[in-house]
Amino acid sequence: MEQYIIKGGIPLIGEVEIGGAKNAALAILAAAIMCDEPVYIENVPNVRDTNVLLQAITEIGAVVERIGPHSVKINGKKINSICVDYEFIKKIRASYYLLGALLGKYHQAEVALPGGCNIGSRPIDQHKKGFEALGAEVLIESGMVKANAKRLRGSHIYFDLATVGATINVMMAAVLAEGDTILENAAKEPHVVDAANFLNSMGAKIKGAGTDVIRIRGVKSLHGTEYSIIPDQIEAGTFMMAAAATKGDVIVRNVIPKHLEAISAKLIETGCQITEEDDAVRVFGQSNLYHTNIKTLPYPGFPTDMQPQMTAVLALARGTSIVTETIFENRFKYAGELARMGADIKVEGGNTAIINGVSRLTGAEVNAPDLRAGAALVIAALAAEGYSVIDDIVYIERGYEDFEIKLNGLGAQIQKVKCEKDIQKFKLKIG
Ligand code: EPU
């Protein structure tokens with residue numbers, strides 16, 4: 001099992017280039033099978049989650065060709081199965097986007113039911129409700145979600161809560177339904193907008209993505225396209241937090257600064273200086289960080305996917321900070337690991353963390369409990385004195401491409417290792 005060994009205490013300095021957005025890519029790669037012509041997609045992050053989804057797409061008969069490290073060509077003409085099995089869903093929940101894509105295109109889909117995951121129970125009732133409103137019969141049977149429709153008809157759908165997954169999934173099916181669909185209380189995240197822009201580039205008629213009302217005029221079929229995925233807001237935010245925690249000076253390039261506003265605003269409250277260019281943000285960490293409070297909210301609020309990384313920064317900020325998680329019920333599993341590094345953090349009622357800032361963290365061996373929590377532990381280790389070992393980095397690799405290479409480029413001492421001998425070698429080399 002691979003681990004990261006990190007020698008902390010070095011301010012990160014330099015420039016880092018951000019890749020394509022994982023969560024936009026997952027929706028877009030699934031949507032690409034909805035036409036019978038070649039679709040070229042660029043800026044696809046080469047991470048575990050996108051690679052598993054590409055395997056799932058290949059498995060049902062789509063032809064997937066890698067044109068370059070971040071470009072793929074997908075042709076859904078030869079799809080011969082509408083059934084996506086548990087092997088893929090258990091590795092990556094977002095394979096469920098194939099439900100909306102297959103239902104829209106073939107009026108039937110069978111996709112294994114995703115269970116809960118490390119961050120929460122993750123129900124799919126809003127996806128089901130949306131598909132049913134479009135005229136599909138949706139059954140959950142023998143671990144599968146089975147959706148069938150003689151005809152898909154546009155509908156007026158109110159989501160009970162803003163959900164990224166259901167908004168995108170139902171939007172995909174509605175694109176090929178007869179007539180008009182209105183999605184109310186839709187999620188507004190940048191990747192919802194990117195998925196809508198991608199579908200529109202294939203001939204869909206979607207308006208209003210990025211607001212809470214999305215209007216879709218159904219079309220008969222979609223056509224091939226060329227599309228480039230937006231930069232990853234969360235990868236960018238993670239490097240911004242790493243700069244803040246290590247009191248570094250980092251230019252984060254290839255970003256859309258607008259998508260980072262909630263993150264920048266909170267870092268400014270801690271005392272960091274942030275400057276923006278057209279497609280870059282620069283974070284100047286300060287020797288004294290100050291406490292602040294965070295509440296995770298749907299976009300444009302503070303993203304739940306940045307909550308652990310921000311908490312790692314606040315662990316080192318003077319005073320008491322309160323972090324409230326409102327999206328997922330189990331997103332503080334890393335708090336105990338941060339405490340092993342010297343953080344003073346107490347989780348109350350499962351969704352609130354009270355953090356009394358400390359002046360230093362010290363390296364320790366810790367476990368990454370999930371993707372973003374893993375990134376937070378790397379940030380803490382980069383700021384901590386001495387050596388840390390992060391276990392279970394397989395989670396981190398789900399969403400961060402070349403994480404350690406990009407961090408090395410900023411002067412960090414981090415290496416991926418496989419065994420104790422590698423750890424000893426790293427320590428000898430670094431001294
Ligand atoms: N929810 C329901 N019913 C549903 C769907 C969602 O109750 O049918 C609830 C969820 O339990 C949660 C809230 O609605 O409490 C929001 O969930 P949402 O559907 O927005 O999340 P998701 O689509 O499953 C995506 C990202 C997550 C990110 C969330 C929130 C992808 C592949 N995943 O998940 O990303 O945290 O939106 O922004 O896009 C990550 O990248 O680390 C990650 C977990």
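Modeller: A disulfide here is a pair of cysteine sulfur atoms within 2.5 Å. This is a predicted model, in which local features need pLDDT of at least 70, side-chain atom pairs count only at pLDDT 80 or more, and totals for chains, interfaces and linings use all residues. Residues are numbered from 1 along each chain as its sequence is written, and side-chain values use heavy atoms, with hydrogens and water left out.

Colleague: How many disulfides does a search of the whole structure find?

Modeller: The cut-off is the sulfur distance just given, within 2.5 Å. Searching the whole structure gives a disulfide count of 0.

Colleague: Is cysteine 35 buried or exposed?

Modeller: Buried means under 20% relative accessible area, exposed over 50%, and partly exposed in between (1.4 Å probe, protein chains only). Cysteine 35 has 1% relative accessibility, so cysteine 35 is buried.

Colleague: Which class does cysteine 83 fall in?

Modeller: The relative accessible area of cysteine 83 is 33%. Cysteine 83 is therefore partly exposed.

Colleague: In β9, which residue is the bridge partner of glutamate 141?

Modeller: Strands (E, at least two residues) are DSSP runs, numbered from the N terminus, and two strands pair if DSSP finds at least two bridges between them. Strand β8 (residues 137–141) pairs with strand β9 (residues 144–148) in the antiparallel sense, over 5 bridges. The partner of glutamate 141 in β9 is methionine 144.

Colleague: Which residue in the hairpin of β8 and β9 takes a positive phi?

Modeller: This hairpin has 2 residues between the strands. The positive phi, near 45°, belongs to serine 142.

How values were computed:
Helix = DSSP H or I, 4+ residues; strand = E, 2+ residues; numbered from the N terminus.
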